[in-house]
Amino acid sequence: MQNVIQLLPDSIANQIAAGEVVQRPASVVKELLENSVDAKAKSVQVIIREAGRNLIQIVDDGLGMTETDARMSFERHATSKIRTSDDLFRIRTMGFRGEALASIAAVAQIEMRTRRAEEELGTLIRIEGSDIKAQESISCLPGTNLLIKNLFFNVPARRNFLKSNSVEMRHIIDEFQRVALANPEVAFSLFHNDQEIYNLPAGKLSRRIVDMFGKSYREQLNFCEEQTPYVTVHGYIGKPESAKKARNEQFFFVNNRFIRHNYLHHAVVGAYEGTLPEGSHPFYVLFIDIDPSHIDINIHPTKTEIKFDDERSVYAIMMAAVRKAVGLYNLSPSLDFDS
Ligand code: ADP
Ligand code: MG
């Protein structure tokens with residue numbers, strides 16, 4: 001009998017992986033923003049054209065890459081963030097799979113300029129559908145500047161499947177908001193077709209929330225905090241009367257990673273004890289810090305669910321934290337917004 005199994009070439013493997021990692025322009029924005037944060041950027045600029053169909057550009061002032069790393073970064077399963085399987089249980093970075101750049105490169109035209117601060121020259125790499133088209137030394141600022149052009153140029157079905165610009169832009173803004181809320185000490189800006197959507201200076205979380213959602217939030221936030229040996233909860237919740245019908249201003253972050261969690265949402269709502277107007281959802285930005293060995297984040301790259309080993313404890317602590325904060329309601333300390 002003749003054997004028939006063959007290993008797929010990298011370019012095809014990458015394209016298949018891209019189908020999962022890169023669902024729409026917003027997925028690219030998420031992955032690149034997370035890379036900038038992991039690279040310890042202090043300031044990150046996002047420039048979008050045509051809702052990301054034509055251009056997604058992310059410029060950071062982070063660590064940058066050497067020439068060899070710049071090339072390696074587009075290989076599948078190539079990462080600087082973990083080395084051993086034990087590292088999977090102590091992940092503190094946003095990335096660790098080493099799949100994002102390889103996947104994006106499989107379905108777009110990329111230009112990357114990157115330089116480490118201690119090096120005089122940086123590297124320019126052009127790559128298109130996984131093929132490296134050019135690589136040269138150039139002068140550029142320290143940090144990384146990535147241009148993603150013509151997303152899905154070689155996957156017409158995916159390109160045609162994209163929704164209207166306003167829907168795609170809504171997804172991009174959602175991803176941007178999540179990363180910007182989780183990292184208030186980093187400055188972020190977002191432009192769409194030359195129009196400024198956000199320009200957020202570095203500062204405290206309370207300031208970031210107000211800059212992002214509007215000045216009316218100044219009087220609406222209550223600080224929230226609860227600590228146990230198992231988990232720490234901190235952040236801000238909105239006062240009951242500021243609750244809205246729409247359910248898009250609720251943010252949980254576990255070790256700085258945005259997650260959705262209906263069970264914990266239920267804990268928060270429960271803590272308001274009937275003070276919420278009928279059918280409305282309270283505003284919250286809540287951070288859950290927990291030893292990474294107690295959670296499983298090794299789930300699908302685009303999914304935002306998470307598993308805790310003791311979910312009931314997290315529920316109880318969350319409820320206690322929010323209950324206390326709701327109770328503070330009339331004597332909330334004045335917030336310091338000028339940092
Ligand atoms: P992961 O983030 O899971 O490691 P990626 O494909 O997103 O995988 O990135 C691969 C590697 O490229 C990263 O581990 C990192 O070393 C490097 N890298 C990517 N983006 C940046 C950036 N903006 N600044 C510095 N290094 C980066
Ligand atoms: Mg990454």
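1. Two strands are taken to pair if DSSP finds at least two bridges between them. On that basis, this predicted model contains an open sheet of eight strands in the order β5-β4-β3-β6-β2-β1-β7-β8, with mixed pairing. The edges are held by β5 (131-138) and β8, each with a single partner strand, so one side of each is left without a neighbour in the sheet. Neighbouring strands of this sheet are turned by 10° against each other on average, direction ignored.

2. Within the sheet, strand β3 (residues 109-115) and strand β6 (residues 143-149) run antiparallel and are joined by seven bridges. Arginine 113 has asparagine 145, in β6, as its bridge partner. Helix α2 packs on the sheet and touches β1 (43-49), β2 (55-60) and β6. The direction of α2 makes about 10° with that of β2.

3. The domain assignment of the protein gives domain 1 (10-200) and domain 2 (211-331). Their C-alpha centres lie 29 Å apart. To the contact between them, domain 1 contributes 19 residues and domain 2 contributes 15 residues. On the side of domain 1 that touches domain 2, the elements giving two or more residues are α1 (10-21), α6 (165-182) and β8 (195-200). Helix α6 gives the most to this side, with five residues. By class, the residues of this side divide into ten nonpolar, three polar and six charged.

4. Helix α7 spans residues 205-213, and its buried residues are Leu205, Ser206, Arg208, Ile209 and Val210. What do these buried residues of α7 pack against? Their partners are α6, β8, β9 (221-227), β10 (231-238) and β13 (284-290). Glycine 214 follows α7 and has a positive phi, near 115°.

5. Lysine 239 deserves a separate remark. This residue is found in the loop between β10 and β11 (250-254). Is lysine 239 buried or exposed? A residue counts as buried if 20 or more other C-beta atoms lie within 10 Å of its own. Lysine 239 has 21 other C-beta atoms within 10 Å and is therefore buried. Lysine 239 and glutamate 219 are 20 residues apart in sequence, and their C-alpha atoms are 8.7 Å apart in space.

Definitions and conventions:
Residues are numbered from 1 along each chain as its sequence is written. Chains are lettered from A and ligands numbered from 1 in the order in which they are written. This is a predicted model: local features need pLDDT of at least 70, side-chain atom pairs count only at pLDDT 80 or more; totals for chains, interfaces and linings use all residues. Domain bounds come from an automatic or database domain assignment. Two residues are in contact if their C-beta atoms, placed from the backbone, lie within 7 Å. Helices (H or I, at least four residues) and strands (E, at least two) are DSSP runs, numbered from the N terminus. Ala, Val, Leu, Ile, Met, Phe, Trp, Tyr, Cys and Pro count as nonpolar, Asp, Glu, Lys and Arg as charged, and the others, Gly among them, as polar. A residue is buried if 20 or more other C-beta atoms lie within 10 Å of its own, exposed if 12 or fewer, and partly exposed in between; C-beta atoms are placed from the backbone. Axes are lines fitted to C-alpha atoms, for helices over the stretch in contact, and angles run from 0 to 180 degrees between N-to-C directions.
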